[in-house]
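Please view the sequence and the structure together.

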Amino acid sequence: MAVQQVADAPAGLRGRSARHRRSWTGWRFVGPFMAVFALVFLAPIGYSIYLSLYRNRLIGGNSFVGLDNYTQALQDPQFWTGVGRVGLFLVVQVPIMLFIALLVALAIDSGRLYGSAFFRVTIFLPYAVPAVVATLMWGFMYSNQFGLIGNINDALNVKLPEPLSANLALASIGNIVTWEFVGYNMLIFYSALRVVPTSLYESAELDGAGQFRIITAIKLPAIRGALMIATIFSIIGSFQLFSEPIIMRPLARNVFTTDYTPNMYAYSLSFAGQQYNYAATVAIIMGVITMVVAYVVQLRGTREK
Amino acid sequence: MTTAVQNPRRTPTPRRRRRGRQRNLTLTLLTALMALYTLIPLTWLVINATKTQEGLLDSFGLWFASDKFALWDNIRQTLTYDDGVFLRWLGNTVLYVVVGAGGATLLATLGGYGLAKFDFVGKRAVFATVIGAVAVPGTALAVPTFLMFSKMGLTNTPWSVIIPSLVSPFGLYLMWTFSAQAIPDEMLEAARIDGASEFRTFFRISVPLLGPGIVTVLLFTVVATWNNYFLPLIMLKDPSWYPLTIGLNSWNDQAQTVGGQAVFNLVITGSLLTILPLLAAFLFLQRYWQSGLAAGSVKE
């Protein structure tokens, strides 16, 4: 993914160093990485494809079933409900998060803030907080028992909507994920803005362009690579949604069901249900969906150039 | 701060421009709202780490409990509860981080350097495979990895957490771009002409030039390993191998089990102790990771 940006970047692929030493020497450096990579990336991918083609029955044992598991998964309402949920999460949460991140990055880069270094570091900090801790904290605050919502209800004698009710649960997760990653994305955008040649802004200003025009005509096109990378990472992250709902599950078991997201579904299939073959199938389909969506977004992004 | 890696022609101008700008109060206040949003949960955590289990229930969330300032008690209890299992988890986490993130950084540095500075048979295949595999959701690999490791007898051992942590495709990519920019080919040529071996050249000449890149990759792999949840969750059954993340969550779940004791004050204090080292590392090493990010992830 992000092949275009990535392929353009490393000069070594075509650079001057490419001319000499066409030999096996490079493998002595790349070899160790690739060996572990093969063990923890390639082998599991191969193994899950193998698993997805078999089925384990109590009677008859392990047998080859072709694409039966795939047919079953494609008609499985539990699976598709989860896909729909992370899809909704993706189209709502990701744009909001990236938009806020972009606004903050533009504000910090504009040089018009007091204490911009403080803001840059502070807003980035949640990235260093483990998803477990972030979810536990927000979960406590959401809860009625001794959370902030309960406090506010008591103090003002009102009844705020419950963040963990069925209607709001996904939004509450969206808030946690936004809190965790808005700063990380902000920093990616900010780093990209830093290397835009400022002579461009100066001449635009001399020509009488306003700030808004400078942002849309110069800054945004200049950081489109960063925007693309952040979007694709966020898409992958959304489809993998797992830690936040599963950690909050004890707070609302009826809301965060074991098939709340496709990942939770695959997890409970294998570790509660011992259905490893079907779980592998679900995981592969999710992987394919992720790659297709990321690829389409990437294609659209490149075409709009 | 990023001079080593950015296009040198560009760097001086932004500084001058930025200093001359007029500051804007409204924009600052709006950004401050965002900072407030960031800080409220962290403030909540610090304040509530000072409360007893009872204090948590009957005091306002964003202010201290009136009865007792229990922070030191909580820390002592957290460290000694259940025969000091928290310290055991901390030790496990440090082990996973040192071997996992340290190893990942070493492999990424060697690999990135190899890709940037050598032309070798199969290089394009390496590139295509790594990029392609990154798009595969990590959690999709978890189940098959678990089954493989279980056949190899590795599950429920530290290796099951450490080995998958050793690969950081993002780190490889970052070190690749970084090596391509930071190490002049002429220097390597000169060393080769002097007869230095490739590995000697790497450690004596290249590693010092790669400093900021290495710190960045190290910091990000440390965060990934320290914060890892899914992988240890499926790989480990024995609580004595848990890292902090799994351990804290098991304390939290304890209140739900029949006859389990609610220890939310310890969950909260433990969470605070868990995030402090990483927050400190990010604050103290800002200079490095900010320049490293600027160099790597965001090339146009």
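B:D83 lies in helix α4 of chain B, helices being DSSP runs of H or I with at least four residues and strands runs of E with at least two, numbered from the N terminus. The model is predicted, so local features need pLDDT of at least 70 and side-chain atom pairs count only at pLDDT 80 or more, while totals for chains, interfaces and linings use all residues. Residues are numbered from 1 along each chain as its sequence is written, and chains are lettered from A and ligands numbered from 1 in the order in which they are written.

B:D82 also has its place in helix α4 (residues 71–117) of chain B. A residue is buried with 20 or more other C-beta atoms within 10 Å of its own, exposed with 12 or fewer, and partly exposed in between, with C-beta atoms placed from the backbone. The table gives positive phi values in residues other than glycine.

| Residue | Phi | C-beta neighbours within 10 Å | Class |
|---|---|---|---|
| B:D82 | near 55° | 13 | partly exposed |
| B:D83 | near 55° | 8 | exposed |

Chain A has 14 helices and three strands. Of its 305 residues, 46% count as buried.

Between the chains, 99 residues of chain A are in contact with 94 residues of chain B, contact meaning C-beta atoms, placed from the backbone, within 7 Å. Helix α2 (residues 27–52) of chain A gives the most to this side of chain A, with 19 residues.

Definitions and conventions
Contact = placed C-beta atoms within 7 Å.
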